[in-house]
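The sequence and the structure are shown first.

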Amino acid sequence: MKRNHEISPPPLKRRKVAASPSSEEVATMPTSQSARQTIRLFSWNINGIDAFLPSSSTKITTFFKPSNSESKKASPTYDGPTGNSHEPSLRTFLRRHNWPEILFLQEIKLKQGDTKREASLLATLSTPLSPTGDGEVDEARIYTVHTSLPRDKYNVKGFGGKLYGVATIMRRDFAQRHVQNVRYPDWDLEGRVSIVEMKNNDNSTFKPLAILNIYAVNGTSAPYRSPQSGLVIGTRHDHKLAFHIKLRDECHNLESKGFHVVVAGDLNIARGLWDGYPNLRTFPKQHCLNRADFNAKFFGEEDNIRAGAYVLGEERKEKQKCLDAVDVYRGLYGDRRKYTYFSRNKEWGSSCDRVDLIFVSGDLWKEGRVVGADILDSPIERGPSDHVPIWVEIAMD
């Protein structure tokens, strides 16, 4: 593969990812260790919601009842790291991680108007995992869900319209107390963005948070059509670059309104050489240009250096607004290599990239509000998807 050395540094010798933790280790990973009041946000590209829903032959009314042995037999399974069979379950995921306040899902692949599956998703999130409930039915274990689904009839045509889409899942007690609004920007027609605007806490000296759930455009040479006329106006690469501009401007707008911004999701970008194994994709050249554009629009020089990120040479840089955000994983761990995308067609750890990111307003980072963050890189956490979850813990006071 020919490398563009103008953009890409020379290749480094890489190691394989470390052995996966056991299921017991996974179960105790991201529990809050902070004495401060914090919120925990998890983000996960699940590559389709259907694997997490009960069998389509089951009546909708049964989704609100505890699961029984028959429904378990009908559920899809996957192999965990010990070789045991596990049922894909979002509620099991939430319980395993001690009922976090927020869970962002990307690529849920729900069609606009599919109210049956949306109702099923809501039910599975809050239905007790056992017939007795085991103390699960209280406000700290009941969840709400908000979905943003595609509404572009010209660019979302494959698979019967079951493409893209994000779900913003919040614990009900948290949402009622702290969330002011959940909205979807007009410029997003493909179900890629959901924005949680939090209330201003009078007892806190910190700015409120605006938390964005993002499933960014994947750049390809496929045609992109005008959402209004259906005429071809460019490629998916062009659409990706336009998405970067709109997302950056949305973040700037939120900051101008007094919010600190937190962006989490599948950004479909591996920022630099440390973010791909065994190789970072550099061909065709447009992937390098997309990467450099993303780094220039969202991160300043300090963060790009810390992240080993691709940037264009000085002679090719264009002056443009920069969000000057901080990539929390690189901010905490420097050049440590962990990945979020693991191809299901290859041996675990043999082909992977870090394309799921969490980044925050620079001032939020400087205030020391990022308590912790990490990547849950194990087969059991990947489940039936081809991505693993990521998480961040942020102080509220």
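Helices (H or I, at least four residues) and strands (E, at least two) are DSSP runs, numbered from the N terminus. The model is predicted: local features need pLDDT of at least 70, side-chain atom pairs count only at pLDDT 80 or more, and totals for chains, interfaces and linings use all residues. Residues are numbered from 1 along each chain as its sequence is written, and side-chain values use heavy atoms, with hydrogens and water left out.

**Backbone features**

The loop between β13 (276–277) and α7 (285–298) contains P278, and the peptide bond that joins Y277 to P278 is cis, with omega about 0°. P284 is found in the loop between β13 and α7 as well; a cis peptide bond with omega of about 0° joins F283 to P284.

**Strand pairing**

Two strands pair if DSSP finds at least two bridges between them. Strands of a sheet pair through backbone hydrogen bonds, either parallel or antiparallel.

β13 belongs to an open sheet of 3 strands in the order β13-β16-β15, with antiparallel pairing. Its edge strands are β13 and β15 (341–342), each of which pairs on one side only. Between β13 and β16 (residues 352–353) there are 2 bridges, and these strands run antiparallel. Y277, which takes part in one of the cis bonds, has C352 of β16 as its bridge partner.

How many residues of strand β6 (residues 166–171) are buried? The count is 6 of its 6 residues. V166, T168 and M170 lie on one side, and A167, I169 and R171 on the other, so that both faces are covered. In a regular strand the side chains alternate between the two faces of the sheet. β6 pairs with β4 in the antiparallel sense over 5 bridges, L103 having I169 as its bridge partner. Strand β5 (residues 143–148) is joined to β6 by 6 bridges, again antiparallel; in this case T144 is partnered by M170.

**Nonpolar cores**

A nonpolar core is a set of buried Ala, Val, Leu, Ile, Met, Phe, Trp, Tyr and Cys residues joined through side-chain atoms within 4.5 Å. The largest has 33 residues, and I39, I211 and V262 have the most contacts inside it. Another core, of 23 residues, lies apart from it and includes A216, F243, V263 and L323. With contact taken as heavy atoms within 4.5 Å, and with neighbours within four places in sequence left aside, I211 touches I39, L41, I102, F104, S194, I195, V196, M198 and V262.

On a 1 Å grid over the protein atoms alone, a cavity is a set of points where a 1.4 Å probe fits but cannot get out; lining residues have an atom within 4 Å of a point. Grid points are joined across faces, edges and corners, and a volume is the space filled by probe spheres set on the points.

A search of the whole structure finds 1 cavity of 30 Å³ or more, and the volume of the largest cavity is about 70 Å³. Its lining includes D327, R354, D374 and W391. At least two lining residues come from each of α9 (328–333), β17 (356–360), β18 (370–375) and β19 (390–395). Counting Ala, Val, Leu, Ile, Met, Phe, Trp, Tyr, Cys and Pro as nonpolar, Asp, Glu, Lys and Arg as charged, and the others, Gly among them, as polar, the lining has 8 nonpolar, no polar and 4 charged residues.

Notes
Buried means under 20% relative accessible area, exposed over 50%, partly exposed in between (1.4 Å probe, protein chains only). On a 1 Å grid over the protein atoms alone, a cavity is a set of points where a 1.4 Å probe fits but cannot get out, and a pocket is an open set with protein on both sides within 12 Å along at least five of seven lines; lining residues have an atom within 4 Å of a point.
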